[in-house]
Amino acid sequence: MDGLNSALSSYEPARINQPEYTDSAVVLALVEEQTLTIPFVKRTRDCERHPGEIGLPGGRRESTDTTLRITALRELAEETGVRSDTVR
């Protein structure tokens with residue numbers, strides 16, 4: 001896990017500069033317990049967008065999100081209950 005952490009520490013996400021696109025972010029969380037797992041979320045059938053789909057935690061940037069990292073961590077907390085202060 002430390003090698004992966006080191007490799008990703010300088011990663012800068014690519015931005016898609018299309019005016020019709022909305023800023024959003026997702027989290028690829030790697031959970032290290034007995035094994036390494038990746039948590040997914042399943043949207044309820046009554047969701048307005050992408051009902052019933054399985055995907056990574058994430059969503060649209062809100063006006064209070066100063067960065068897309070903040071967006072991703074906020075969405076992770078909202079959708080899974082994982083607090084941002086536990087993420088490294």
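Tutor: A salt bridge here is a side-chain nitrogen of Lys or Arg within 4 Å of a carboxyl oxygen of Asp or Glu. This is a predicted model, where local features need pLDDT of at least 70, side-chain atom pairs count only at pLDDT 80 or more, and totals for chains, interfaces and linings use all residues. Residues are numbered from 1 along each chain as its sequence is written, and side-chain values use heavy atoms, with hydrogens and water left out.

Student: Happy to start there! How many salt bridges does the rule give?

Tutor: One of them joins R74 to E75, at 3.1 Å from N to O. Another pairs D23 with R61. The count by this rule is 6.

Student: Is R74 buried or exposed?

Tutor: Buried means under 20% relative accessible area, exposed over 50%, and partly exposed in between (1.4 Å probe, protein chains only). E62, at 38%, is partly exposed. With a relative accessible area of 16%, R74 is buried.

Student: Which residues make up the largest nonpolar core?

Tutor: Such a core is a set of buried Ala, Val, Leu, Ile, Met, Phe, Trp, Tyr and Cys residues joined through side-chain atoms within 4.5 Å. The largest has 5 residues: A25, V27, A29, A72 and L76.
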